[in-house]
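Here is a quick tour for anyone meeting this structure for the first time. Have a look at the model, then read on.

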Amino acid sequence: MILVGVDGSRASLEAVGWAVREAVLRGTTLRIVHVMPAWPMEMTEDAPYADVGRWMRDGAESTLTDALDRAREEDGGVEVETLLLPGDPRLALMEAAGDADLLVVGSHGLGGFRGMLLGSVALGVSGRTACPVAVVRDLPEGSRGEVVVGVDGSPEGAEAIGFAFAEASLRGVGLRAIHAWSRPVAGSGPFALPAAGEMAQGERRLLSEALAGWGERYPDVKVTEQVEHAHPVDVLREASANAGLLVVGSRGRGELTGLLLGSVSHSLLHHAACPVVVVRQRA
């Protein structure tokens, strides 16, 4: 099952369209969820400000109806259900996604300030939800549709590789596996760092080892390996300009213990040009 959160914004309706197409690829169902404050759902008709509560409930139902209409416009064959939940949108979506294969949200919602690149809900659920989270924004013109995955040798990166291979296979597109590294090279004296060529060879080996075995599981997926001596955010952001999907782990090798979302994933959620999927390591 795929879960998509909506709030009435254009971005959330785009997320619904993307989620429907993903459900078609996977042959699964779609659940559309809207979250509103608890008090309008709990108040009685004779309570103070009952008319305000009724107005809010009507608005919530209208949001779900619009999202359902958008889903049916995209593909009438997907089984779709709607669900209205009380509480904080981030917490409610994370809990509702407990039995989901994928949580989908728009890149920003109605509550975002003009000029913000990423909404608080999208940022709040990414890296914190048990299942992978897709943050959807419009695809750039000229996208060639390939899946791009960031590889760093971390456990979360390994989960991201598996997700990316599966997605590329479902979509019938190629996979670009990118490992970017920005550690210093060359030096002199008793504590000299490895030379650039030696270090680059080690980084290429890291990528090859991370991909080992996946080609046998997905022989239909053409893989392009790319190793760059540059900051991962810069390389992956550039690759996203021509990609259909970017997949990253929630944390990398260099992140501090306890962080739920790494700095690279955080930056790419803000700046990638295509939809981004953040994959957590399974518990």
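Let's start with a term: two residues are in contact when heavy atoms of theirs lie within 4.5 Å. With that in hand, take the contacts in the protein chain whose separation is 6 or more: 77% of them join residues 24 or more positions apart. Keep in mind that what you see is a predicted model.

**The chain overall**

The protein chain has ten helices and ten strands. It runs to 283 residues, and 46% of those count as buried. As for the surface, the protein chain exposes about 14,000 Å², with carbon and sulfur atoms supplying 52% of that area.

**An aromatic cluster**

How many aromatic pairs does the structure hold? The count is three. One of them brings together F165 and W214: the ring centres are 5.9 Å apart and the planes sit at 15°, so this pair is stacked. Stacked is the word because planes under 30 degrees apart qualify for it. F165 belongs to helix α6 (residues 155-171) and W214 to helix α8 (residues 214-217), so to speak two distant parts of the chain, 49 residues apart, are linked by the pair.

F165 also pairs with Y218. Here the centres are 5.8 Å apart and the planes at 25°, so this pair is stacked too. Y218 lies in the loop between α8 and β8 (223-229) while F165 is in helix α6, so the pair ties together parts that are 53 residues apart in sequence.

Are these three residues buried or exposed? F165 is buried, at 1% relative accessibility. W214 is buried as well, with a relative accessible area of 18%, and Y218, at 18% relative accessibility, counts as buried too. The reason is the cut-off: a residue is called buried because its relative accessible area is under 20%. Taken together, F165, W214 and Y218 form one aromatic cluster.

Here are the two pairs described above, side by side:

| Pair | Distance of centres | Angle of planes |
|---|---|---|
| F165 and W214 | 5.9 Å | 15° |
| F165 and Y218 | 5.8 Å | 25° |

**Around T28**

Now for another spot. Where does T28 lie? You'll find T28 in the loop between α1 (10-26) and β2 (30-36). A polar atom of the T28 side chain is 3.1 Å from the backbone nitrogen of M1. M1 also turns up among the contacts of T28: setting aside neighbours within four places in sequence, T28 touches M1, I2, A23, V78 and D101.

Definitions and conventions
Residues numbered from 1 in each chain as written. Predicted model: local features only at pLDDT ≥ 70, side-chain atom pairs only at ≥ 80, totals over all residues. Heavy atoms only, no water. Helix = DSSP H or I, 4+ residues; strand = E, 2+ residues; numbered from the N terminus. Polar contact = N/O pair within 3.5 Å; in protein donor to acceptor, adjacent residues only side chain to side chain. Phe/Tyr/Trp six-rings, centres within 6.5 Å; stacked < 30°, edge-to-face > 60°. Buried < 20%, exposed > 50% of the residue type's maximum accessible area, 1.4 Å probe, protein only. Areas by Shrake-Rupley, 256 points an atom, 1.4 Å probe, with all protein chains shown as cover.
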